[in-house]
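Reader: I'd like to learn how to read a sheet from its strand pairing. Can we go through an example together?

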Amino acid sequence: MDLVIPRLCLTSNPSALELGTAVGPGALYLARHGFATTGWEVISEAIYQARRIAEAEGLSVTFEKVDATQIPHAGDAFDLIVDTYCSTHVVFDHERSRIVYSVRARLKPDEYFLITSSVYESSRRLPYKKVVDDRNGTV
């Protein structure tokens, strides 16, 4: 975000929403940089931790339990909506489409939707090298 945010032509006192905020790193970053920030997350424990971190840093961030695939179209509009790998983890195309349509409904006219995602690179595929989580055996 350090490279992108300074390039945006935003109003004074911009508002931002982070989808799938988890424990809030993106939302906290935006709050530190002057945004009135909201973070939406589906996991209650993550929201609890995000609120604790924001409080410890003296930041005012609103964290709410909202499923990114079920965003209501009515409500506050934002100058910036950030998806930091949230939709990457959405499996079904119809759910991804709902996210995009909902973001469009909640974004102010001529403002910004920033998506970060992973890109597959065949040169990174190392079939002989497997990373295994010793706690649960997940590859």
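Author: Start with pairing: two strands pair if DSSP finds at least two bridges between them. Helices (H or I, at least four residues) and strands (E, at least two) are DSSP runs, numbered from the N terminus. This is a predicted model, where local features need pLDDT of at least 70, side-chain atom pairs count only at pLDDT 80 or more, and totals for chains, interfaces and linings use all residues. Residues are numbered from 1 along each chain as its sequence is written, and side-chain values use heavy atoms, leaving out hydrogens and water.

Reader: How many bridges join strand β1 to strand β2?

Author: Strands of a sheet pair through backbone hydrogen bonds, parallel or antiparallel. Here β1 (residues 15-19) and β2 (residues 36-41) run parallel, with five bridges joining them. One to look up is A16, whose bridge partner in β2 is T37.

Reader: What order do the strands of the sheet have?

Author: The five strands form an open sheet, ordered β3-β2-β1-β4-β5 with parallel pairing. At the edges sit β3 (61-65) and β5 (107-116), each pairing on one side only.

Reader: Which strands does helix α1 touch?

Author: Contact means heavy atoms within 4.5 Å. Angles run from 0 to 180 degrees between N-to-C directions, with axes fitted to C-alpha atoms, for helices over the stretch in contact. Helix α1 (residues 25-32) packs on the sheet and touches β1, β2, β3 and β4 (78-84), at about 155 degrees to the direction of β3. Helix α2 (residues 44-57) also packs there, touching β2 and β3, and makes about 170 degrees with β3.
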